[in-house]
Amino acid sequence: GRGPDGPSDLFIIVNVTDHPYFRREGNDILLDVPLSIYEAIRGVELSVPTLEGPETIKIPGGMSSGTKIRIKGRGVKRASEQGDQFVVIKIIVPKSMSTEDKQLLEEIARRNPVNARADVKW
């Protein structure tokens, strides 16, 4: 540019802040979606935000925390590349339960055992 005293430089400082709920990995967008333990077991249909507006998705029963579900083509488009959006499951468990409910849960656990650490290397 040209200032009153001759040529000058123009500096633009841009601060990029994190989005309140989307994360970006390359051209892909990630969104954490909290599910109750009951929704995770039974499955649920729900509306989630995307860059292009809400999208209704079906989450099948049996999803574990950290599981990623892809919404194809809902990521960032850069040149000829199109990213996807991934819904990342975060399971929320009850903070407290009655003694009776805990006993019911023990019965369910006895009938449906899960070895949660079967695949860990340690």
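The model is predicted.

**Whole chain.** Show the cartoon first. The chain holds 2 helices and 10 strands. Trace it along the sequence and the order reads β-β-β-β-α-β-β-β-β-β-β-α.

Switch to the C-alpha trace. Along its principal axes it spans about 85 × 35 × 30 Å. The radius of gyration is 23 Å, whereas a compact globule of 122 residues would have one near 14 Å.

**Surface and contacts.** Colour by burial next: 25% of the 122 residues are buried. For contacts, take pairs at least 6 apart in sequence; 43% of these contacts join residues at least 24 apart.

**Charges.** Select the charged side chains. There are 18 positive and 17 negative ones. The centres of the two sets lie 4 Å apart.

**D84.** Now select D84. Find it in the loop between β9 (81-82) and β10 (85-92). Is D84 buried or exposed? D84 counts as buried because its relative accessible area is 11%, under the 20% cut-off.

Which side chain does the side chain of D84 meet in a polar contact? Show R70: the two side chains pair at 3.2 Å.

How values were computed:
Residues numbered from 1 in each chain as written. Predicted model: local features only at pLDDT ≥ 70, side-chain atom pairs only at ≥ 80, totals over all residues. Heavy atoms only, no water. Helix = DSSP H or I, 4+ residues; strand = E, 2+ residues; numbered from the N terminus. Rg over C-alpha atoms; globule rule 2.2 N^0.38 Å. Buried < 20%, exposed > 50% of the residue type's maximum accessible area, 1.4 Å probe, protein only. Contact = heavy atoms within 4.5 Å. Lys, Arg positive; Asp, Glu negative; His and termini not counted. Charge placed at Lys NZ, Arg CZ, Asp CG, Glu CD. Polar contact = N/O pair within 3.5 Å; in protein donor to acceptor, adjacent residues only side chain to side chain.
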